[in-house]
Amino acid sequence: MLQQAIKDIKNIEKQLFEGRIVAVEGLRIEATGPAEALRLGAYARFGDKDGPRGELVGFEGDRAVFLACDDVEGLRPGAAVCFSSEDALVRVSNSWLGRVVDAFGAPVDGEGPLSQGTISRQIKTLPPAAHSRARVSEPMSLGVRALDGFAPCAVGQRMGLFAGSGVGKSTLMSMLARNAQADVVVIGLIGERGREVREFVEDTLGPDGLARSVVVSATSDESAPRRRRAAWMTMAVAEHFRDQGCKVLCLLDSVTRFAMAQREIGLAAGEPPTTKGYTPSVFAELPKLLERAGPGQIVPNGHPQGHITGLFTVLVDGDDHNEPVADAVRGILDGHIVMDRKIAERGRYPAIDVLKSLSRIASHLYTPETAEIARQARRLMSLYSDMEELVRIGAYARGADPEVDRAVQLSPEIEKILTQHVDEATPPEETFAMLANVLGIGVESPAAPNPHVHAGEATMAAQGGDRRSANRSSLAKQLGGN
């Protein structure tokens, strides 16, 4: 009876509002319509209920300003505008694992139609209330030595990956997608080159990584509303699996292109440009997007929510790490990972600058032993960095400073540890054992989790585990096939 009731409710004819196009200028469309349908963020179809889509982004007097999401060639003034409530919703299901979808949840991988879930959720929603969220304290293995050793990440933490173009962000993302200790990986490719999307899915991510992943794609040739919506869709998919108690790793590449899409939309809606042409709405939308990742809510006497661990890439303009978007994102997130072009040029990958990278909760994730190992290794790398030029030109005389001598001697060995092949995964305990061996110090239980784990988080930790080898069907079965 319940299933029949759900079917009957879905078949109820929805109220449909209509308006008229009064002006078309490029992708900007002005229209009139009933007041009850004209609200910011509403979606409409032009021509008929199956026509191209547009998003309402502002008002010009008594006219609604839309930006087209699809190709609108052939539209004319006077054409019908059909307002759609369905386009603002998405029904994610576990069958989306292993699939590639667009900003509206339609499959783009040629693998056939997607089954829809039973629960509709808003594409754009507010982050969970701050005081109802769980604490972040459980270590999360990323499988990348430079990160686990010097910028450790916790389950539910949000980190930024800052780099210029061509430094290896996509390769590092693939390492995280395949090796991180997560149940489900949700990847948002925002504004990527069309050629790179298939290469990333088939080659860089690979079958094992794709089996437990959902990829949301909006390439650079797509409209600004689609690129912005793809970021929201990525978070909505991650929230679906979070609500089922999963440890979700959300990789969004990149926040900068989301900000650029928002800038285009803001300028079309009449916002004034401010810093480097970015409109005020860009800096208002960034925290609303990024705060949706993080620890789940505490559910009293109920099934605990999972957590969304967020890693967001920032494409720094001209390698300027203080440009407006990078500066704003760095202040929102719980840490930053810096990739350096000079490190990449000398052939060390991943090209992570561990001296400039920071995890804001590292002190809660290290044990006393691992904290000492990281401190000593970081100190030696800093000493060598300060003296590197003098050493290279022969201006430093060995024996002048014992600490510098030790840094010069051990720096190549530390560099070898930080160098890692894309197919190589290293657990944190092995990383610290390698560092301890180079430094000549002992370590016991280097990857022991922080003892101050809340009860709900301890339950999640017991239910988690490394499932890198899980395939899509077994994970869907585990989640209940919802």
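Hi everyone, let's start with a term: a residue is buried under 20% relative accessible area, exposed over 50%, and partly exposed in between. Keep that handy, and remember that this is a predicted model.

Now, the salt bridges. A search of the whole structure turns up 34 of them, and I'd like to walk you through a few.

Take Asp-334 and Arg-158, whose side chains meet in a salt bridge at 3.4 Å, N to O. Asp-334 sits in the loop between helix H8 (324-332) and strand E17 (335-338), while Arg-158 belongs to strand E12 (residues 158-163), so this pair ties together parts that are 176 residues apart in sequence. Asp-334 has 22% relative accessibility, so it counts as partly exposed. Arg-158, at 6%, counts as buried.

Next come Glu-30 and Arg-63, with a salt bridge of 2.9 Å, N to O. Glu-30 is in strand E2 (residues 28-32) and Arg-63 in strand E5 (residues 63-68), so they link parts 33 residues apart in sequence. Here Glu-30 is buried at 11% relative accessibility, and Arg-63 is partly exposed at 33%.

What about Glu-239 and Arg-292, buried or exposed? Both are buried, and their closest N and O atoms are 2.9 Å apart in a salt bridge.

Finally, the nonpolar side. In soluble globular proteins, nonpolar side chains tend to be buried together. Here the largest nonpolar core has 62 residues, and Leu-176, Ile-187, Leu-249 and Leu-251 touch the most other members. Apart from that core lies another, of 50 residues, including Val-101 and Ala-218.

Notes. Residues numbered from 1 in each chain as written. Predicted model: local features only at pLDDT ≥ 70, side-chain atom pairs only at ≥ 80, totals over all residues. Heavy atoms only, no water. Core = buried A, V, L, I, M, F, W, Y, C linked by side-chain atoms within 4.5 Å. Buried < 20%, exposed > 50% of the residue type's maximum accessible area, 1.4 Å probe, protein only. Salt bridge = Lys/Arg side-chain N within 4 Å of Asp/Glu carboxyl O. Helix = DSSP H or I, 4+ residues; strand = E, 2+ residues; numbered from the N terminus.
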